[in-house]
Amino acid sequence: MVEGRGGKSPGGAGPSAAGTGTSPLENPDGTKPGLAPLTTPEERKAGRELIAKVATARTGPKDGYDRNEFGPAWTDSVDGVPYGGNKCDTRNDLLARDGSGVERKDGSDCVVTAMTIHDPYTGRTVEWTKQQASKIQIDHVMPLSYDWQMGAATWDKAKRVRIANDPLNLIPADGSQNASKGDSGPADWLPAATEIRCSYAVRFAQVSLKYQLPVTEADKKVMLQQCGG
């Protein structure tokens with residue numbers, strides 16, 4: 001059972017973790033593993049309806065942006081999001097959420113050292129070990145620099161720490177995919193696996209709506225297109 005602040009680190013051996021993940025429509029808080037394709041007309045219609053609610057705005061200045069404005073990377077000292085304060089850092093929480101056959105460091109209930117994980121961005125299954133940590137990186141679906149330019153620059157620090165560590169905004173994925181994405185929105189970058197692009201757009205919209213951050217008009221248009229709009 002996944003618990004929030006003060007709860008346990010998520011387990012990683014459930015059957016859904018070993019498959020292709022969870023539909024974003026069935027995962028509004030981001031605590032279920034992975035990202036499954038939306039394939040039926042009904043699912044894609046629901047995706048378009050959710051994306052349609054997203055506000056649009058022009059990109060603001062990047063002046064003043066620094067990763068540290070969103071708190072220490074993968075801090076557990078965060079309130080108001082699942083896994084916050086559970087004595088395990090966000091990165092290991094997310095690896096455990098999405099991995100199957102999770103192995104942990106001797107004597108630790110937190111540090112993941114090996115697992116099998118389905119990477120939604122490429123569609124490949126990866127046998128991951130901590131010795132090759134960069135093979136799987138944690139993607140901020142709505143990148144932090146993008147957040148800053150779309151309104152997070154005016155937030156208080158606590159809210160920025162929340163979006164940086166919110167499991168809804170975090171997907172373990174292929175390291176090269178994460179690197180190629182950078183701080184791009186959907187108009188400039190989409191996952192290599194075309195079957196996941198509607199789900200990715202829906203997850204982007206979920207983060208946007210939760211934090212009341214707009215996206216650019218170009219990004220919203222592309223997001224709708226991924227779900228057949």
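**A helix pair and its surroundings**

Tutor: Let's start where two helices touch: Arg44, Arg48, Ile51 and Ala52 in α2 meet Lys220, Met223, Leu224 and Gln226 in α8, where contact means heavy atoms within 4.5 Å. By class, this contact of α2 with α8 has four nonpolar, one polar and three charged residues. (Ala, Val, Leu, Ile, Met, Phe, Trp, Tyr, Cys and Pro count as nonpolar, Asp, Glu, Lys and Arg as charged, and the others, Gly among them, as polar.) Please keep in mind that this is a predicted model, in which local features need pLDDT of at least 70 and side-chain atom pairs count only at pLDDT 80 or more, while totals for chains, interfaces and linings use all residues. Residues are numbered from 1 along each chain as its sequence is written, and side-chain values use heavy atoms, with hydrogens and water left out.

Helix α2 covers residues 41-52 and helix α8 residues 217-226; their axes come within 9 Å and cross at roughly 165°. That makes α2 roughly antiparallel to α8, a label for angles over 145 degrees. Axes are lines fitted to C-alpha atoms, for helices over the stretch in contact, and angles run from 0 to 180 degrees between N-to-C directions. The crossing of α2 and α8 is left-handed, meaning that the near helix is turned anticlockwise from the far one by less than a right angle. Helices (H or I, at least four residues) and strands (E, at least two) are DSSP runs, numbered from the N terminus.

Now for the sheet. It is open and antiparallel, with three strands in the order β1-β2-β3, and two strands pair if DSSP finds at least two bridges between them. At its edges are β1 (99-104) and β3 (124-129), each pairing on one side only. Neighbouring strands are turned by 10° against each other on average, direction ignored. Four bridges link β1 to β2 (residues 112-119), and Arg104 stands opposite Val112 in β2. Six bridges join β2 to β3; Met115 is partnered there by Trp128, and Asp119 by Arg124. Four residues lie between the strands in this hairpin of β2 and β3, and Gly123 takes a positive phi near 80°. In β2, six of the eight residues are buried, that is, under 20% relative accessible area, with exposed over 50% and partly exposed in between (1.4 Å probe, protein chains only). Helix α3 (residues 90-98) lies across β1, β2 and β3, running at about 135° to β1.

Finally, look at helix α6 (residues 175-181), which holds Gln177. Gln177 counts as buried because its relative accessibility is 13%. Leaving out residues up to four places away in sequence, Gln177 touches Tyr121, Thr122, Trp189, Pro191 and Ala192. Gly182 sits in the loop between α6 and α7 (197-210), and its relative accessible area of 45% makes Gly182 partly exposed. The C-alpha atoms of Gly182 and Asp139 are separated by 9.3 Å, although these residues are 43 apart along the chain.

Note on methods: Parallel < 35°, antiparallel > 145°, perpendicular 65-115°, else oblique.
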